Amino acid sequence: MTLETLFEEFKKKKIIVLGDVMIDAYLSGKVDRVSPEAPVPIVNFSKREERLGGAANVALNLISLGAQVAMASVIGEDQDAQTMVRLFDEKSISTSGLIRSKDRQTTVKTRVIGNHQQLLRVDQEQTNDISKAEEELLIEKVEALLKEGYDALIFQDYNKGVLSEKIIERVIEITKKYDVLTTVDPKLKNFLAYKGVTLFKPNLKELSEGVQVKIDFANDRSQFDQAVKTLNNILQPKIVFVTLSEHGVFIQNENESYHIEAHERTISDVSGAGDTVISVATLCLAAGIRIEALAAMANLAGGIVCEYRGVVAIKANELFDEAKKLDIKCG
């Protein structure tokens, strides 16, 4: 498969993103004095901006690469939920998997920016697990989507209560029934609940904490190898894919494993890089390319978005051009 063919394949894929969605809000203005009431800057407000965040940023990355995407999650019945649905509609992301709950608060993270510098962040969120009734409704929504014919489902966990242990186990079971690929970007809380998924993608810290093995990747590779072995024994995923920050990425399946070094870059912001990595990895997996090429593409994409300030989705043309320069072979 050529790179050109791979990027055309991306456009044919239909992906469900299941997880915690949120709004990233930005209040921007100019600071030129300190408040007389307290030793804090006064921001002379000039602009408010709202963007999709959390698991919704995974959806944005997939859309940017040409895929069709449905979002499955639980949000509130508040004004922020209406804003979120509008943002999804603007990006052509299906909301048929969303549940509106009067008992939940829509997650909003508001950053106050003065003179192009973040001064404060205010979080509105609810992090307890969704109710049993909401779990059942969400499982029904996911199965209804799967009946429509999807290629993969991404579990994107931000520890805000949507991905309960029951949701994880039941959805994995249902995806197997419909022969749909599953990929996971985990958090610690239910780290070991994802038994039998297709691809499991922790970062190095999550792997260490999840299997309780201390890892010093740079100085003792045996610790890392033990952690991966432990993970495989417990979860038995088809593919383990670990992001290693400045050390690149590691990928392994039953027959082969690869360590791909990070590319030298000017890092501006690592926020959202994990969302980009799981998005590209999932599309590459659905396209059926070799795991070495999958890891190389996802590693490259994660590095590219780190050069931008703030959370941004990968641009298809930028990823294609850099992959072409590096002569990544899809096989």
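A salt bridge is a side-chain nitrogen of Lys or Arg within 4 Å of a carboxyl oxygen of Asp or Glu. With that in mind, welcome to a tour of this predicted model.

**View 1. Lysine 11 and glutamate 8 form a salt bridge.** The closest N and O atoms of this pair are 3.2 Å apart. Lysine 11 is partly exposed, at a relative accessible area of 47%, and glutamate 8 is partly exposed too, at 42%. Across the whole structure, a search finds 22 salt bridges.

**View 2. Glutamate 4 meets lysine 324 in a salt bridge.** Here the closest N and O atoms lie 2.6 Å apart. Glutamate 4 belongs to helix α1 (residues 3-10) and lysine 324 to helix α10 (residues 316-326), so the pair ties together parts that are 320 residues apart in sequence. Glutamate 4 has a relative accessible area of 37%, which makes this residue partly exposed. Lysine 324, with 44%, is partly exposed as well.

**View 3. Aspartate 327 and lysine 329 join through their side chains in a salt bridge.** The N to O distance is 3.1 Å. Aspartate 327 counts as partly exposed at 45% relative accessibility, while lysine 329 is exposed at 51%; the cut-off for exposed is over 50%.

**View 4. Strand β4 (residues 68-75) is mostly covered.** Seven of the eight residues in β4 are buried. Strand β1 (residues 14-19) pairs with β4 in the parallel sense, over five bridges, and isoleucine 16 stands opposite alanine 70 of β4. Strand β5 (residues 94-100) also runs parallel to β4, joined by five bridges; isoleucine 99 in β5 is the bridge partner of valine 74.

**View 5. The largest cavity has a volume of about 100 Å³.** Strand β4 gives the largest share of the lining, three residues. Among the lining residues are Ser73, Val74, Ile75, Arg104 and Lys160. By class, the lining has four nonpolar, five polar and three charged residues.

**View 6. The second largest cavity has a volume of about 40 Å³.** Residues lining this cavity include Thr127, Asp129, Lys160 and Asn190. One nonpolar, four polar and four charged residues make up the lining. The structure has three cavities of 30 Å³ or more.

Technical notes: Residues are numbered from 1 along each chain as its sequence is written. This is a predicted model: local features need pLDDT of at least 70, side-chain atom pairs count only at pLDDT 80 or more; totals for chains, interfaces and linings use all residues. Side-chain values use heavy atoms; hydrogens and water are left out. Buried means under 20% relative accessible area, exposed over 50%, partly exposed in between (1.4 Å probe, protein chains only). Helices (H or I, at least four residues) and strands (E, at least two) are DSSP runs, numbered from the N terminus. Two strands pair if DSSP finds at least two bridges between them. On a 1 Å grid over the protein atoms alone, a cavity is a set of points where a 1.4 Å probe fits but cannot get out, and a pocket is an open set with protein on both sides within 12 Å along at least five of seven lines; lining residues have an atom within 4 Å of a point. Grid points are joined across faces, edges and corners, and a volume is the space filled by probe spheres set on the points. Ala, Val, Leu, Ile, Met, Phe, Trp, Tyr, Cys and Pro count as nonpolar, Asp, Glu, Lys and Arg as charged, and the others, Gly among them, as polar.
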